[in-house]
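Take a look at the protein model below. This short report walks through some of its parts.

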Amino acid sequence: QGLRNHGNTCFMNAVVQCLSNTAPLAEFLALGRYRARGAGAEVTHRLAALVRALWTRDYTPQLSAEFKNIVSKHSSQFRGNAQHDALEFLLWLLDRMHEDLGATSPAQQTCVPEEVGGPRWGVRTPWLRAGMSSLTCPHCLKQSNTFDPFLCISLPIPLRQTRALNVTLVLQCERRRFVRVGLAVPLRGTVAELREMVAREGRIPPEQVILAEVSARGSLRSLGDAEELGAAGAGAPLYAFQPPPARRAGTAPRPSPLAGGWPPAQPRLGQRLLPAAARSSDCLHRGAGGRILLLLCNTAGAGPQRARFGPPLVLREERGISWEQLQQSILAQLRALLRGEVRAQGAGVLFRIRLAGGSAPCAYLSPQDPRPLCHPAVDRALQLSGAGGPPHVKLMVEWDVSTKERLFGDIQEEVVQDAESVRLQQQAHRQQHSCTLDECFQLYTKEEQVWGTLPAPGRA
């Protein structure tokens with residue numbers, strides 16, 4: 001029910017409506033559950049009569065006019081018909097009610113003398129005790145309690161603690177080869193937390209997950225566990241790779257899926273060779289045994305026109321394989337995208353392979369190198385792969401446009417299936433964040449670390 005405006009009393013009416021719609025306080029006033037101190041308490045009595053009339057639908061303009069007159073009687077600042085601030089009036093009214101009901105007001109709370117034969121006004125009431133704050137020293141654990149009564153609190157609003165992040169899983173399971181999932185990642189989280197979430201989504205051990213940003217131009221950037229999530233995935237799509245299983249000792253390599261494939265015993269390159277690059281034989285790495293993880297993207301074009309095509313790949317290869325065998329293995333991963341057969345005779349070198357993040361003069365692997373993966377530059381790349389996930393080397397496979405068009409046509413990036421979680425997370429984070437008043441109070445009363453200057457040793 002509305003209140004009559006008695007000449008710029010909208011500030012007063014707004015406060016009365018707020019108090020009237022605060023259920024505990026409305027019941028306290030309307031049902032007469034308060035006990036006034038002495039014969040005074042005119043302001044509280046008039047407010048209670050006004051609130052009671054609003055809820056019993058017995059309101060008349062005379063009631064609000066009488067309330068205004070009582071307010072003017074006890075506070076000169078609200079006399080007349082001038083405009084006033086609603087919050088200022090609310091604070092005055094609550095303080096006046098405390099005085100009317102016998103509670104110590106914030107202004108009277110400190111250093112109030114004790115009345116003879118009367119109550120001790122310096123003793124904290126339960127209402128004031130709610131204003132207690134505690135400070136504990138983290139070194140000596142000494143605790144100090146202070147009482148700071150207040151009528152007005154500036155409550156913080158809890159912000160959303162997560163953001164939606166899409167991650168494309170590249171799994172070894174044929175049924176779920178490529179799938180994009182939506183995750184709610186913590187704003188202040190680390191890559192290690194993201195790795196755990198991805199591992200749960202892909203049902204694989206966290207130590208098998210390789211996280212990397214893959215740009216449209218084929219650039220690769222691995223993410224280490226210690227990195228903060230921050231804007232991860234904002235500049236380039238984020239991929240999570242599951243390495244292929246390690247081959248058992250004594251098993252033979254997979255047969256070539258290419259027509260007329262290259263026999264390992266008699267590799268043939270053909271006549272088309274790229275310009276010479278640094279070879280591993282120049283500073284040969286003797287420990288050629290073992291297997292290495294390769295994370296690579298296929299690109300076509302040069303300079304600003306370079307663009308990634310097909311899916312990013314992860315391979316596990318022997319360190320001692322030849323260039324022909326490495327090229328054959330890469331083509332085997334792309335056989336579903338090939339327009340026709342690729343035969344060994346006259347095929348030559350189809351592409352160049354560059355170490356992502358490598359530095360000249362060892363940025364490119366040489367087709368003339370008998371064991372290109374044994375080059376020390378590959379060892380340096382392994383050391384720079386960062387903590388988190390298995391060590392790996394990032395490669396960019398660079399095709400010229402004509403060769404790419406001849407073998408793959410106008411294929412672009414891979415087609416990835418979106419899981420239902422992508423839509424759900426986007427929808428959830430698009431909605432306006434809401435919170436309850438209780439959550440605001442919980443954040444307000446949450447313990448926090450207060451940093452100060454410690455005294456010098458030996459000084460108080």
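The sections below cover a sheet, its helices, some salt bridges and a surface patch.

## About the model

This is a predicted model, where local features need pLDDT of at least 70 and side-chain atom pairs count only at pLDDT 80 or more, while totals for chains, interfaces and linings use all residues. Residues are numbered from 1 along each chain as its sequence is written, and side-chain values use heavy atoms, leaving out hydrogens and water.

## The sheet

Five strands make an open sheet with mixed pairing, in the order 9-8-12-10-11. Strands are DSSP runs of E with at least two residues, helices are runs of H or I with at least four, and both are numbered from the N terminus. Two strands pair if DSSP finds at least two bridges between them.

Strand 9 (307-318) and strand 11 (364-365) stand at the edges. Each has a single partner strand, so one side of each has no neighbour in the sheet. Strand 10 (residues 352-355) pairs with strand 11 in the antiparallel sense, over two bridges. There, arginine 354 stands opposite tyrosine 364.

## A helix on the sheet

Helix 8 (residues 323-333) packs on this sheet and touches strand 8, strand 9, strand 10, strand 11 and strand 12. Contact means heavy atoms within 4.5 Å.

Is helix 8 largely enclosed or open? Nine of its 11 residues are buried, so helix 8 is largely enclosed by the rest of the structure. Buried means under 20% relative accessible area, exposed means over 50%, and partly exposed lies in between (1.4 Å probe, protein chains only). Among the buried residues are Trp323, Leu326 and Ile330.

## Salt bridges

How many salt bridges does the structure hold? There are 15. Each needs a side-chain nitrogen of Lys or Arg within 4 Å of a carboxyl oxygen of Asp or Glu.

In one of them, aspartate 418 meets arginine 180, with the closest N and O atoms 2.4 Å apart. Aspartate 418 lies in strand 13 and arginine 180 in strand 4, so the pair ties together parts 238 residues apart in sequence. Aspartate 379 bridges to arginine 319, at 3.0 Å between the closest N and O atoms. Aspartate 379 is buried at 18% relative accessibility, and arginine 319 is buried at 8%.

## A nonpolar patch

Phe150, Leu437, Phe441 and Tyr444 form a nonpolar surface patch, with about 370 Å² of accessible area together. Areas come from the Shrake-Rupley method with a 1.4 Å probe, and for residues only the protein chains shown count as cover. Patch residues have over 30% relative accessible area and no salt bridge; like charges are joined within 9 Å, nonpolar side chains (Val, Leu, Ile, Met, Phe, Trp, Tyr) within 5 Å. Tyrosine 444 lies in helix 12 (residues 437-444).

Technical notes
Axes are lines fitted to C-alpha atoms, for helices over the stretch in contact, and angles run from 0 to 180 degrees between N-to-C directions.
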